[in-house]
Amino acid sequence: MLDARKWFEVCGVVPLGVFVAVHVLSYAGSLLGWTRFGVAGRDSVVLTLLEVLLVGLPLAFHGGYGLWLSLSPLEHDPETRPRSLALRVSGVLLLVFVLVHVAWLRWPLWTGERDPEDVHAMLVGSLSSTRYGLPLVALAHLVGLGLAAAHLALGLGRFAERWGLGAGPSAR
């Protein structure tokens, strides 16, 4: 049976990997002219249920347990300490980004305040807008995606080491 730490790792690597892949593909598709952004609204009960069960709940567990772990002391090993610190910082910042992202995009879709067909136009407008001459929403998304990619990359190395898929510097 897997202990809490192993569940934490699996619940981070798999859904965060899916999250990053879906977002990269969605953004790439948008650049190619696709106007359907690959999101489900409240009418798509099965897709919404799958999203909550396979991505939302595992990431919620990973985020909650990771937040709890971030309050514990860092490892004493000077070789792993910087990576642990980077994982903790990127994880906490990523948790904030994901919560804001869900409240801004997913929640209105689930409640019917926004239709899936409107997401592309809304994102184009939001990501193209500027405040004080800066594209703040676009910068926030770029930072959020960067945090997700960095946290996933750092976590994959640790996952590979702990699960015996790689050892030492090559796994890092």
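This briefing describes the fold, cores, salt bridges and surface of one protein model.

The model is predicted, so local features are given only where pLDDT is at least 70 and side-chain atom pairs count only at pLDDT 80 or more, whereas totals for chains, interfaces and linings use all residues. Residues are numbered from 1 along each chain as its sequence is written, and side-chain values use heavy atoms, with hydrogens and water left out. The protein has six helices and zero strands, where helices (H or I, at least four residues) and strands (E, at least two) are DSSP runs numbered from the N terminus. Along the sequence the pattern reads α-α-α-α-α-α.

**Overall fold**

- Of the 172 residues in the protein, 35% are buried; buried means under 20% relative accessible area, exposed means over 50%, and partly exposed lies in between, with a 1.4 Å probe and protein chains only.
- Among contacts in the protein with a separation of 6 or more, 69% are between residues 24 or more positions apart, a contact being heavy atoms within 4.5 Å.
- The protein exposes about 10400 Å², and carbon and sulfur atoms supply 72% of that area; accessible areas come from the Shrake-Rupley method with a 1.4 Å probe, and for residues only the protein chains shown count as cover.

**Nonpolar cores**

- The largest nonpolar core consists of nine residues, namely Leu-16, Phe-19, Val-20, Leu-59, Leu-94, Phe-97, Leu-147, Ala-148 and Leu-152, and helices α1 (4–31), α3 and α5 each supply at least two residues of this core.
- A nonpolar core is defined as a set of buried Ala, Val, Leu, Ile, Met, Phe, Trp, Tyr and Cys residues joined through side-chain atoms within 4.5 Å.
- Once neighbours within four places in sequence are set aside, Leu-94 is in contact with Leu-16, Gly-144, Leu-147, Ala-148 and His-151.
- Another core lies apart from it and has five residues, among them Leu-105, Leu-109, Val-119 and Met-122.

- The 27 residues of α5 should span 39 Å at 1.5 Å a residue, and the end C-alpha atoms of α5 are 38 Å apart, which agrees; the expected span is 1.5 Å times one less than the number of residues in the helix.
- The buried residues of α5 include His-141, Gly-144, Leu-147, Ala-148, His-151 and Leu-152, and also Gly-155, Gly-157, Arg-158, Phe-159 and Ala-160.
- His-101, in helix α3 (residues 81–111), counts as buried because its relative accessibility is 7%, and, leaving aside neighbours within four places in sequence, His-101 is in contact with His-23, Arg-106 and His-141.
- After α5 comes Gly-164, whose phi is positive, near 75°.

**Salt bridges**

- The count comes to three salt bridges, each requiring a side-chain nitrogen of Lys or Arg within 4 Å of a carboxyl oxygen of Asp or Glu.
- Glu-9 and Arg-162 form a salt bridge in which the closest N and O atoms are 3.0 Å apart, and the pair links helix α1, which holds Glu-9, with helix α5, which holds Arg-162, across 153 residues.
- Glu-9 counts as buried at 8% relative accessibility, whereas Arg-162 is partly exposed at 34%.
- Glu-75 and Arg-158 meet in a salt bridge with an N to O distance of 3.9 Å; Glu-75 lies in the loop between α2 and α3 and Arg-158 in helix α5, so the pair ties together parts that are 83 residues apart in sequence.
- Within this pair, Glu-75 is partly exposed, with a relative accessible area of 26%, and Arg-158 is buried, with a relative accessible area of 12%.
- Glu-161 forms a salt bridge with Arg-83, with the closest N and O atoms 2.8 Å apart; Glu-161 is in helix α5 and Arg-83 in helix α3, so this pair ties together parts that are 78 residues apart in sequence.
- Here Glu-161 is partly exposed at 25% relative accessibility, while Arg-83 is buried at 12%.

**Surface and backbone**

- Val-46, Leu-47, Leu-49, Leu-50, Val-52, Leu-53, Leu-54 and Leu-57 form a nonpolar surface patch with about 730 Å² of accessible area together.
- Patches are made of residues with over 30% relative accessible area and no salt bridge, with like charges joined within 9 Å and nonpolar side chains (Val, Leu, Ile, Met, Phe, Trp, Tyr) within 5 Å.
- Leu-53 belongs to helix α2 (residues 45–70) and counts as partly exposed at 44% relative accessibility.
- Tyr-132, in the loop between α4 (119–128) and α5 (136–162), is exposed, with a relative accessible area of 77%, and has a positive phi, near 60°.
- Most residues other than glycine have a negative phi.
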